[in-house]
Amino acid sequence: MSQSGILKRSTILIHGSVGMPLAIIGYPLVVYLPPFYAQEVGLNMALMALVLVFARMTDVITDPLIGTLSDRWQTRIGRRKPWLIMGVPLMLIGTIMIFMPPDGVGLGHLLLWTVIMYLGWTMVTLPYGAWGAELSPLYHQRSRVTASREGFVLIGLFLAALAPAIVQSMGARFQAGDTDGFWMNAVVWAVGTDGQLGTGYGPILAGMAWLLLILLPLTVLLVVTKVKEAPPQSVQRTDWKKGMRVLKNNGPFKRMMLMLLIVVTGESFRNALSVFFMQHIIQIQAQIGLMYLLYFGVGILGIPFWLILGKRIGKHKAFCVAVGVSSASILGMFFLSAGQLLPFAIMFALKGFCFAAFQFLPLSMLADIVDLDTARSKEHRTGLFFAMSGMAQKFAMAIGLGLSLGLLALVGFDATATTHSDTQLMALRLLYIIGPVMLYMAAFAVAWKYPLTADRQERIHQWVVRRNARLQLEPQQP
C-alpha cells in the first residue's frame, strides 16, 4: 500500500479471495439445509427452525467478544491474522458434520455442530472484514476492496450453484445406469451417496463441503502470507464498554444497522423458501441448480454496474435502486404458474443482478462509518464495528429463516409430502413474494436518508489525518 492509500490490484484481489470459500458455506445454510433436514433427515420443520435460530443467537456473545479482542490483541503476525488461522479448523469440522451427517442424527447433532461452525465462521469473518476496512482510508478505494471481496463471494456462490448443477447432471446419468468413468466414481466416492446420487440434497451438500475443504485453507494461507495488515491507528486503548456507548450515538451507524437488519431479514426469509417455491409453485426439480447458477452468474456481471453507480450517485442511493429493482422482480413472480420456467428464470436473474449490490455496498458504507467514530473518539474500533454489523446480519438471517419456516409450518405445509392443498400453495406463494418485498421497501425508506456521503467522508478523513499528524509532533503526556 502506498502512502496515499492507493492499493495494488494484486493486494486487493488476494485479500478478496477469502470471500470465495466463505460464500460456499453461507448460501447452502439457508437454501439447501432446511429442505435436506426436513425432507431427507426427517426433522420437524418448526423445531429445526428454532434450533437454527438458537444457534445463531450464540453470536450475540461471540461477535462483540471476538471483534473487541481482534482490535486489542497484538501479535507478531498482526491483530487479524491469528483469528483466521484459529477459526479455519472449527469452521471446517462443523461444516463437515452439518453437511455430511451420519445416519440417524437428530436436533442435538444439528445444534451442536452448527454452533461450532458459527464460532469458526465468526473467528474468520469478523477479523477478515475489519482487516479489509483498514487496508485504505480512501472512500472509493474501500469500495474497490469491498467489491473485490464481494466479487469473490459471488464467484463462490457461482461455484456453490455449479456444484448442485454438476451433481444433479451426474446423478441423472447415474440413475440411468451410467455408473462408470473416473469422474463419476470420484463424485460417488466424494459425496458418499451409497447409490443415491441424483436423489435429494445430501449429495449437493456433500459436494459443497468438499469445495470448502479445498478452497478455505488455500485462500486463508495466501492472504495471511501475502497481504500486510495496516498498523493500529488508535491513540488510546480500546475500551469496549465506551465503544458501545459511542456506537449508540453514531447516527449513520444506527441507520445502517437498521437497514441491514431489515434487508437481510428479507433476503433470508426469501432464500429459505426459494427451493420450496421452485418445487411446488413453478414445479421444477432438476433445474434448481441451474437456476442458482444463473442467479449468481448474473450477479457477478452486476458488480461493475453497482460499483460505477455507487460512485456516481452515492452508495446508499445505489443500494436503494437495487432494492427497488429486486422488489419489482419478486412481485412479478406472484403471477407465475406451474411450468413457466423461462419467465421465472428471467425474474430470478434480475434479482441476482441486484444481489451484488446487497453484498458489497453496505459493508463499504460501514468502513466509512469507522472514520466518523475515529474522528470523534480518537480510537480505531474497526473490529467492534464489524462485530456489531456481523451480529446484526446473523440475527437477521436467523429471524428470517425461523420466521419463514415457522409460518410455513403453521399453515400445515409438510415438506415431505408430494401434494399440497390450494390454501397451502397460496400461503407459500404469499410468503415468498409479499414478505420480502415489504421488508425491502422498509429498508429503502431507511437507506434513502443515509447522511454519510463521499464528500462528508473525505472531510472527516482529512481532519483525522491532520489531527494524527499534529499528535505525532506534540510531546507525549505521561
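Modeller: Happy to! Let's begin with a term we will need: a residue counts as buried when its relative accessible area is under 20%. Please keep in mind that this is a predicted model.

Now to the charged pairs. Side chains of opposite charge can pair when their charged atoms come close. In this structure there are 2 salt bridges, and Glu267 takes part in one with Arg270 and in one with Lys351.

Let's take the pair with Arg270. Here the closest N and O atoms are 3.7 Å apart. Both Glu267 and Arg270 sit in helix α12, which covers residues 251–282. They are 3 residues apart, about one turn of the helix. Glu267 and Arg270 are both buried.

Now turn to Lys351. Between Glu267 and Lys351, the closest N and O atoms are 3.0 Å apart. Glu267 belongs to helix α12 while Lys351 belongs to helix α15 (residues 341–377), so this pair ties together parts that are 84 residues apart in sequence.

How do we decide whether these two are buried or exposed? This is where the cut-off comes in: buried means under 20% relative accessible area. Lys351 has a relative accessibility of 0%, so Lys351 counts as buried. Glu267 has a relative accessible area of 8%, so Glu267 is buried too.

Putting the pairs together, Glu267, Arg270 and Lys351 are linked in a network of salt bridges.

Helix α2 (residues 19–31) packs with helix α10 (residues 202–226) at an angle of about 155°, and their axes are 8 Å apart. These two helices are therefore roughly antiparallel to each other, and their crossing is left-handed. On the α2 side, the contact includes Met20, Ile24 and Pro28, and on the α10 side Leu205, Leu212 and Thr219 are among the residues involved. By class, the contact of α2 with α10 has 12 nonpolar residues, 1 polar and no charged.

Helix α5 (residues 59–72) and helix α7 (residues 107–134) give you another pair to look at, with an angle of about 35° and axes 10 Å apart. Their crossing is right-handed. The contact of α5 with α7 has 6 nonpolar, 4 polar and 2 charged residues.

Key:
Residues are numbered from 1 along each chain as its sequence is written. This is a predicted model: local features need pLDDT of at least 70, side-chain atom pairs count only at pLDDT 80 or more; totals for chains, interfaces and linings use all residues. Side-chain values use heavy atoms; hydrogens and water are left out. Axes are lines fitted to C-alpha atoms, for helices over the stretch in contact, and angles run from 0 to 180 degrees between N-to-C directions. Helices (H or I, at least four residues) and strands (E, at least two) are DSSP runs, numbered from the N terminus. A crossing is left-handed if the near helix is turned anticlockwise from the far one by less than a right angle, and right-handed if clockwise. Ala, Val, Leu, Ile, Met, Phe, Trp, Tyr, Cys and Pro count as nonpolar, Asp, Glu, Lys and Arg as charged, and the others, Gly among them, as polar. Angles under 35 degrees count as roughly parallel, over 145 as roughly antiparallel, 65 to 115 as roughly perpendicular and the rest as oblique. Contact means heavy atoms within 4.5 Å. A salt bridge is a side-chain nitrogen of Lys or Arg within 4 Å of a carboxyl oxygen of Asp or Glu. Buried means under 20% relative accessible area, exposed over 50%, partly exposed in between (1.4 Å probe, protein chains only).
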